[in-house]
Amino acid sequence: MDDKNGIVADFQAITGIDNAGEALMHLSNFNWDLLAAVQHVTPQHTQHLPSEGRSNQLNAPTVMIADDFSGMTASTSNETRRLITIEIEQHGHIIATLKVNDGSTIDDLKTLVYAESNIPCCLQNFNGWPNNQLPSNKDTLSKLNLPDRFKLNLIRGDGDLNQELNGRANLRMFTLNITMEATTSSEYQVYKLSFSSDQTVAQVKEVVANLTKLPISNQQWLGWPHFVTPATTLEESHINYPVHDFKLKPSNSILKHTRRRYNTRLNQSVVDMETSDSPMPSSSTSSSSTSSSSSEEDPFEDAAESLSGIDDDDDVDTMFMDTEAPTRIRPLIAEDTEDELAGCIQFIDEFQNRYGDMRPQFFLGTLDQAIKIACFKPAKDKRLLAVYLHHDRSVLSNVFCTQLLCFESVVQYLNTNFLVWGWDMTHPSNRNRILQSASLSLGTMAEITLRAIDINRLPALVLFTRNRSNTEILSVINGDCNISELLSSLINAQEMFAIQQQVEIKEEGERNMREMIKVEQDEAYQQSLAIDRAKEETKRVQEMEEKAIRTQIESQERQVAAEKEAIRQRIVASLPAEPEPGDQVAKIRFRLPLGKFLERRFLASDNLQVLFDYLYISGFSQEEFKVISSWPRRDLTTLGVTQTMKELNLYPQETLTLEER
């Protein structure tokens with residue numbers, strides 16, 4: 001039953017069928033023949049078995065470029081097509097010479113031109129078609145009756161391009177160098193493509209699929225960060241800007257499956273060697289053997305790893321043989337590696353080639369970048385950083401990788417709970433590089449800890465965490481453990497980290513709450529301050545308005561007073577002097593509103609206007625006061641002002657009362 005479980009797991013890994021019931025159905029239909037079941041469910045245009053050999057290759061590829069792109073995947077059609085050579089000219093220069101079969105469409109032609117010139121297909125216009133034809137994008141070349149060789153003039157739609165660029169002025173342009181491995185049907189290729197930062201991973205893969213005729217489901221990439229999804233944009237993917245390197249090869253699940261089967265048998269023999277009575281080689285033995293060898297690469301030829309390579313062109317049945325000739329393995333990181341990032345790319349690629357797809361998802365980036373992504377995030381998003389240190393001169397390396405590190409449960413637990421970063425310390429230069437990087441990124445204590453790990457206890461998993469503002473080593477798991485010890489160590493480390501993470505989440509929440517309260521208080525203060533300022537401004541405006549009104553009233557009062565004073569002065573000048581007592585003199589007494597009295601003498605011949613003028617200069621104008629006689633009672637202000645005192649019976653004396661109107 002265990003063998004059948006393994007076959008089901010391998011079938012699902014090869015075909016991508018997640019439903020175990022469906023996988024069991026296919027395997028049962030073919031009597032548990034894995035290869036036959038895989039061949040049945042895998043489309044022939046997306047999966048080619050090595051046993052099919054080169055005899056199935058066709059003579060003419062579907063679309064082929066004469067120079068760099070001459071080895072693209074062959075067409076699956078059996079129809080013989082005529083090859084047409086097209087020279088693409090732009091601004092008087094030949095920018096590409098394309099060899100395409102007459103079954104290709106204009107869209108295919110534009111895709112090839114895009115690969116050469118980076119001019120988007122939608123901006124390409126061609127002049128110079130034979131017979132003055134104007135084909136559409138979906139027309140095939142066979143419909144146009146074209147000669148075997150001719151020239152087209154490429155005109156770039158700059159107006160449309162300018163409009164497009166103006167609408168995307170804030171986007172960055174990424175240059176992707178995509179290296180496609182050689183296969184039985186295609187040669188080694190290097191594509192240099194440009195994409196804007198808003199393009200998604202899925203769109204990039206779609207362009208590459210159109211360019212290489214390699215379906216997305218059959219593309220195997222090396223270079224994407226582990227967290228990207230098809231909807232992730234280039235801006236969000238954290239790849240290198242402005243240039244990033246990728247490796248691309250067709251997926252070949254059958255080959256990987258047989259390679260894992262082969263390595264399993266090899267590892268069993270290695271375990272037998274290591275559990276024998278032969279002593280573990282010491283460092284001195286290693287150094288002496290190194291000095292006596294004819295090549296610096298001899299240390300990598302120990303029995304544990306000498307048989308890791310299988311040629312992709314070998315027959316499937318040959319790969320299942322019980323014996324293989326020893327071959328020299330390649331180091332995970334070459335000695336002449338230029339920098340840390342290049343070493344990481346090498347490590348991931350070689351580790352996968354050596355141990356297969358069931359492996360931890362190593363982070364593609366430098367150690368400093370891995371620390372920042374794992375540790376320098378909000379508490380709820382933090383993860384433990386697991387640094388895997390490899391050493392090919394340690395007899396534990398191959399057993400640890402195949403039996404422990406690549407064990408399915410370990411891989412799942414690491415990928416779920418850890419950010420894994422790997423490095424090969426075999427060469428002294430690479431060892432010094434990682435020690436220096438650890439010192440700069442993690443501190444002196446981390447460097448001392450890594451330096452102190454004995455070569456005979458490598459490989460090792462060093463678990464890092466960040467507690468508040470310090471990056472600490474949580475645990476060091478050496479390569480001389482078993483599977484249960486490894487899983488227990490990882491689980492214990494994760495549980496300790498989870499407890500610490502909950503504390504940090506609580507502290508961070510409290511800190512965020514304090515910050516939020518402070519922000520709210522600041523906002524409330526600013527709002528109150530704004531209200532006070534508005535009130536002060538309103539009050540100031542009101543005071544200015546009131547002041548303006550008072551000023552206007554005072555001005556009017558002054559004007560009225562000035563007019564009254566002018567009238568008074570005129571009346572004073574015209575008013576006759578008070579006569580002395582005697583005949584023909586009337587004595588008039590005035591009772592004022594507040595009980596006071598005024599008294600003056602007038603000539604009996606003076607008219608009533610003289611009396612009113614006297615009252616006016618005394619402050620009692622006709623507009624404000626009535627002048628009332630006692631008997632008979634009458635209002636003198638209503639009478640004619642030309643009547644004399646005598647005529648009004650105010651002679652020889654009379655008392656008049658002033659009443660406010």
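Where is Asn649 found? Asn649 sits in the loop between β17 and β18, with helices (H or I, at least four residues) and strands (E, at least two) taken as DSSP runs and numbered from the N terminus. Although not a glycine, Asn649 has a positive phi of about 60 degrees. The residue is also exposed, at a relative accessible area of 56%; here buried means under 20% relative accessible area, exposed over 50%, and partly exposed in between, with a 1.4 Å probe and protein chains only. The loop between β17 (634-635) and β18 (653-660) also holds Pro652, and the peptide bond from Tyr651 to Pro652 is cis, with omega near 5 degrees.

The model is a predicted one, so local features need pLDDT of at least 70 and side-chain atom pairs count only at pLDDT 80 or more, while totals for chains, interfaces and linings use all residues. Residues are numbered from 1 along each chain as its sequence is written, and side-chain values use heavy atoms, with hydrogens and water left out.

On the whole-protein scale, the secondary structure comes to 17 helices and 18 strands, and buried residues make up 40% of the 661 residues. Among contacts (heavy atoms within 4.5 Å) with a separation of 6 or more, 65% are between residues 24 or more positions apart. Mean pLDDT, the predictor's confidence in each residue from 0 to 100, is 76 for the protein, and 78% of the residues reach 70 or more. Of the elements, β11 has the highest mean pLDDT (93) and helix α8 (residues 283-292) the lowest (33). Residues 159-167 have pLDDT below 50, and this stretch has four contacts in the model beyond near neighbours in sequence. The pLDDT also stays under 50 over residues 253-327, for which the model has 112 contacts beyond four places in sequence. Where pLDDT is low, the predicted coordinates should not be read in detail.

Now for the aromatics. Rings of Phe, Tyr and Trp (its six-membered ring) pair if their centres lie within 6.5 Å, and planes under 30 degrees apart count as stacked, over 60 as edge-to-face and the rest as tilted. By this rule the protein has 19 aromatic pairs. One of them, Tyr388 with Phe400, is stacked, at 6.1 Å centre to centre and 5 degrees between the planes. Tyr388 lies in strand β10 (residues 384-390) and Phe400 in helix α12 (residues 397-405), so the pair ties together parts 12 residues apart in sequence. Both partners are buried: Tyr388 is at 0% relative accessibility and Phe400 has a relative accessible area of 1%. Another pair, Phe602 with Tyr614, is edge-to-face, with 6.0 Å between centres and 80 degrees between the planes. Phe602 belongs to strand β15 (residues 597-603) and Tyr614 to helix α17 (residues 608-617), so this pair, too, ties together parts 12 residues apart in sequence. Phe602 is buried at 0% relative accessibility, and Tyr614 is buried with a relative accessible area of 13%.

Tyr388 and Phe400 also belong to one aromatic cluster with Phe347, Phe351, Tyr355 and Phe362. Gly422, in strand β11 (residues 418-424), touches three members of the cluster by name, Phe347, Phe362 and Tyr388, not counting residues up to four places away in sequence. Gly422 is buried, with a relative accessible area of 4%. Gly422 and Pro360 are 62 residues apart in sequence and 9.5 Å apart in space, C-alpha to C-alpha.

Thr175, in strand β6 (residues 173-180), is buried as well, at a relative accessible area of 16%. Leaving out residues up to four places away in sequence, Thr175 touches Lys192, Leu193, Ser194, Pro242, Val243 and His244.

Leu458 and Pro459 are joined by a cis peptide bond, with omega about 0 degrees, and Pro459 falls in the loop between α15 (444-452) and β12 (460-467). Asn145 has a positive phi of about 55 degrees without being a glycine; its place is the loop between β4 (124-127) and β5 (149-156), where Asn145 is exposed, with a relative accessible area of 62%.
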